[in-house]
Amino acid sequence: MPSTPLLPLPDGLEITSVSKASESLLVRVTSNRPSSPCPLCSTPSSSIHSSYQRKPMDLPCTGQPIRLLLTVRKFFCRVASCPRKVFTERLPELLEPFSRLTTRLRTAVQDIGFATCGKGGERLSPKLGIRISDTTLLWSLFLVKIPAVEQVRVVGIDDWSWRRGQRYGSILVNLGTHKIIDLLPERTVESVVDWFEAHPKVEIVSRDRGGTYVDGATQGAPLAIQVCDRWHLLKNLGDAVEDFLVRAKIRLASSRGSRKSSWPNREPTAFVFYHSQALSTNPGASSTKVGDLSAGSGAPSARSESHQNCSSVGFSSQYRPHVCAPAP
Ligand SMILES: [Zn+2]
């Protein structure tokens with residue numbers, strides 16, 4: 001009988017029988033196509049050599065696993081110049097050569113793999129009528145065809161790790177679509193140069209501030225504009241501020257320990273921050289403390305301003321912060 005809506009098949013294939021086995025439905029399928037093209041020379045041939053049976057798993061039907069008993073044929077290739085004398089009938093709409101899963105089942109397994117993981121997919125699949133191991137599931141993901149890398153105008157490049165802290169490659173992102181377009185196995189200038197030379201339409205390169213990508217983009221895409229990406233700008237700013245605060249905290253501790261030590265004349269340190277906070281919360285007490293500190297040589301001098309709610313801390317250097325105390 002021809003294929004049914006419950007089990008659609010490509011043209012030229014028909015179902016000859018359906019039987020129930022212990023763990024699945026067995027569906028016998030036979031090809032009745034009059035000819036098949038040779039995979040090498042593409043010349044159709046109708047000279048049948050022999051036939052044999054393949055047993056791929058198919059998508060489940062009403063929750064029941066389905067195994068196809070597919071009879072395929074072998075043909076002679078009559079083209080004298082073709083090195084392939086006998087070839088197997090190809091059924092690309094249904095089954096890839098040597099595959100034990102039909103194409104539609106392979107696609108479903110890949111979707112499960114992308115949505116879950118190896119072990120998770122292995123636990124989920126039987127509930128959907130698919131019996132598959134985590135190894136097969138993960139292997140199916142390797143069979144997904146990677147789309148060809150298109151020409152891009154704005155590209156971002158950064159590190160990605162094979163293993164964090166040990167081995168890194170380079171990741172390239174199309175910043176127009178925000179999609180990953182390529183992975184380079186290495187993080188070297190040469191690999192980056194090769195990639196940019198293969199993609200000459202790049203106009204803008206967003207990269208970090210390291211030398212590898214600067215050199216790679218400069219050599220591989222000399223006409224492209226290079227910009228430092230926002231993440232690295234913010235990270236560098238955060239590192240600089242953190243470093244400044246750490247150094248300032250050290251100076252504050254040393255200033256507390258020795259009041260007679262010499263004060264930096266120009267550098268704004270945590271002293272400013274500390275006394276600004278003090279003046280904001282307790283202007284009277286802070287004025288006393290600041291006045292004591294002024295006894296040292298080169299130390300900041302404090303003075304009271306005439307207006308009531310405002311105090312200022314004067315420094316012998318050019319650094320003069322002005323702090324307003326809260327109203328009483
Ligand atoms: Zn041929």
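Glutamate 150 sits in the loop that links α3 (134-142) to β9 (154-163). Helices (H or I, at least four residues) and strands (E, at least two) are DSSP runs, numbered from the N terminus. With 11 other C-beta atoms within 10 Å, glutamate 150 is exposed. For that label, a residue is buried if 20 or more other C-beta atoms lie within 10 Å of its own, exposed if 12 or fewer, and partly exposed in between, with C-beta atoms placed from the backbone. Follow the fold across from here and you meet isoleucine 181: it is 31 residues away from glutamate 150 in sequence, but the two C-alpha atoms are 7.8 Å apart in space.

A word on what you are looking at. This is a predicted model, in which local features need pLDDT of at least 70, side-chain atom pairs count only at pLDDT 80 or more, and totals for chains, interfaces and linings use all residues. Residues are numbered from 1 along each chain as its sequence is written.

Now step back to the whole chain. The protein chain contains 8 helices and 16 strands, and buried residues account for 20% of its 328 residues. Two residues are in contact if their C-beta atoms, placed from the backbone, lie within 7 Å. Of the contacts between residues at least 6 apart in sequence, 42% join residues at least 24 apart.

Strand β9 brings us to an open sheet. Its 5 strands follow the order β11-β10-β9-β12-β13, and the pairing is mixed. Strands β11 and β13 form the edges with a single partner strand each, so one side of each has no neighbour in the sheet. From one strand to the next, the twist averages 30°. Pairing here requires that DSSP finds at least two bridges between two strands. The antiparallel pair β9 and β10 (167-174) is joined by 8 bridges, and in it aspartate 159 stands opposite serine 170 of β10.

Helix α5 (211-220) packs on this sheet, where it touches β9, β12 and β13, and its direction makes about 170° with that of β12. Such angles run from 0 to 180 degrees between N-to-C directions, using axes fitted to C-alpha atoms, for helices over the stretch in contact.

How do strands β12 (residues 204-207) and β13 (residues 225-228) run, parallel or antiparallel? They run parallel, joined by 4 bridges, and arginine 207 stands opposite cysteine 228 in β13. Between them the chain crosses from β12 through α5 to β13, a right-handed β-α-β crossover. Right-handed means that, with the strands pointing away from the viewer, the path from the first strand over the helix to the second runs clockwise.

The largest nonpolar core has 12 residues, among them Val155, Ile157, Trp195, Phe196 and Tyr213. A nonpolar core is a set of buried Ala, Val, Leu, Ile, Met, Phe, Trp, Tyr and Cys residues joined through C-beta atoms within 7 Å. At least two residues of this core come from each of β9, α4 (189-198) and α5, and α4 gives the largest share, 3 residues.

An α-helix has 3.6 residues a turn, so residues three or four places apart point the same way.

Most residues other than glycine have a negative phi. Threonine 62 is not a glycine, yet has a positive phi of about 50°; it lies in the loop between β6 and β7. Strands β6 (residues 57-61) and β7 (residues 64-76) pair antiparallel over 3 bridges. Phenylalanine 98, also not a glycine, has a positive phi of about 70°, and its place is the loop between β8 (86-88) and α1 (103-115).
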